[in-house]
Amino acid sequence: MPALRLITGGESHGKAIMSILEGFPAGLTIDQLAVNAELAARQSGYGRSGRQRIESDQIEIVGGVRHGITTGAPISLLIHNKDAANWTHVMSVDEPNGSDEAVAQMAAKNIERFRPGHADYAGTLKYAQGDVRDVLERSSARETAARVAAGGFAMLLLRALGIEVASHVIAIADVISPASVSAMANGQITELARSSEVFCIDPETSERMKAAIKQALTAGDSLGGRVEVLADNLPVGLGSYSQWDRRLDGQLAQALMSIQAMKAMEIGDGFAGSQRPGSQVHDAMFAVDNSRQSTLPVVRQTNHAGGVEGGMTNGERLIVRAYMKPIPTLKAGLPSVTFPQFEPCQAHYERSDVCAVPAASVVAKAMVCLTLANSIIDKFAADSMRELSASVTDYRSYCQNLNQKDRADAP
Ligand code: EPS
């Protein structure tokens, strides 16, 4: 079982989306504004649907925090769905009453057509449902609001340990940013990304991405893309080589691939590395230069590995990327079949994002924060921030002193 466990609940048009984060250490001061800023970022981005103009997602903390500080009890969060007011009968927990209003609302929002690429088809068969809406409501990417809220807590925990995580958009469809972030601090990447309407750090590429989204909107189509998440100042040895389910690369893959619409992920050079010889993929190690301060016992000049070797962090910058398919709800719907008649039709369309890649960059950051926070709590086995900070500081100085001892002992 993971040390830090997230469970989410709630439906897209039900009363609320919720998160329970179990195993979160006591003693962390919670900056609710910072968590809400992540939620606001998830809602923004060029290409989002009208739903985001209805909602203004904010956390309501209902457990695990007292007087602004975590207590060690499960962090329990609600994000109310404002749109629920328009869906009272459709989403009613009780049998809908037979009023004219209820009948009209039900008729307008009943779903009898599958959307290719969504959970509609397999989910309706799997759960033996009579209304596709029962699948759509929970499979909707609105659930990612709960992940971002919980991920905000993980982000604050990492920040308290000096670990900053950033994310940005690298590509939307075939528009790819040429900008390199290798010399940029994560704070700067976040600032630049969030000042772009598509969360891309390159202003010229941002404009071309917006133009591509606009074109897809006109065509009734949707677009996918690629996001990158980076984390700096991670201790060496998060995760483990010793068992398959303790490998950090596997955990990161699960975390990112579980985000709705993700079809691939990579760590470091990933796909490109598979086409090159080993001599051009592995990052040579060098002895520490005596004239320069280093917090690690070895120095690298490259980071093709993306900060993970042998299923563990190696102290270099973590670099992960996730590849998102275009949103499957298309205005110009694809050919599909009706349910339960299985007659030919065009797929169902209510309203949808044209492109949710900027939002996905925020969700990917949250999932990486949760994964890293889990591996830190696992390695340092801490119930409180007091214990966690002390253990991490002690371990970091152990690693650094190894380096100094080696140099002092060298002939
Ligand atoms: C989303 C809210 C949803 C969708 C979107 C994500 O709102 P509604 O269904 O009311 O329009 O806009 O859902 C999907 C992308 C999906 O595939 O289901 C949100 O808040 O992120």
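How many disulfides does the structure hold? The structure holds zero disulfides, a disulfide being a pair of cysteine sulfur atoms within 2.5 Å. Cys355, for one, is in no disulfide, and the nearest cysteine sulfur, that of Cys200, is 12 Å away. Cys355 is buried at a relative accessible area of 0%, and Cys399 is also buried, at 9%. Buried here means under 20% relative accessible area, exposed over 50%, and partly exposed in between, with a 1.4 Å probe and protein chains only.

This is a predicted model, in which local features need pLDDT of at least 70 and side-chain atom pairs count only at pLDDT 80 or more, while totals for chains, interfaces and linings use all residues. Residues are numbered from 1 along each chain as its sequence is written, and side-chain values use heavy atoms, with hydrogens and water left out.

For Arg351 the distance is 2.7 Å, for Gln52 it is 2.9 Å, and for an N or O atom of the Ser140 side chain it is 3.5 Å. On its own the ligand has 470 Å² of accessible area, and the protein covers 92% of that; accessible areas come from the Shrake-Rupley method with a 1.4 Å probe.

How values were computed
A polar contact is a pair of N or O atoms within 3.5 Å; within protein, one must be able to donate a hydrogen and the other to accept it, and residues adjacent in sequence count only if both atoms are side-chain atoms.
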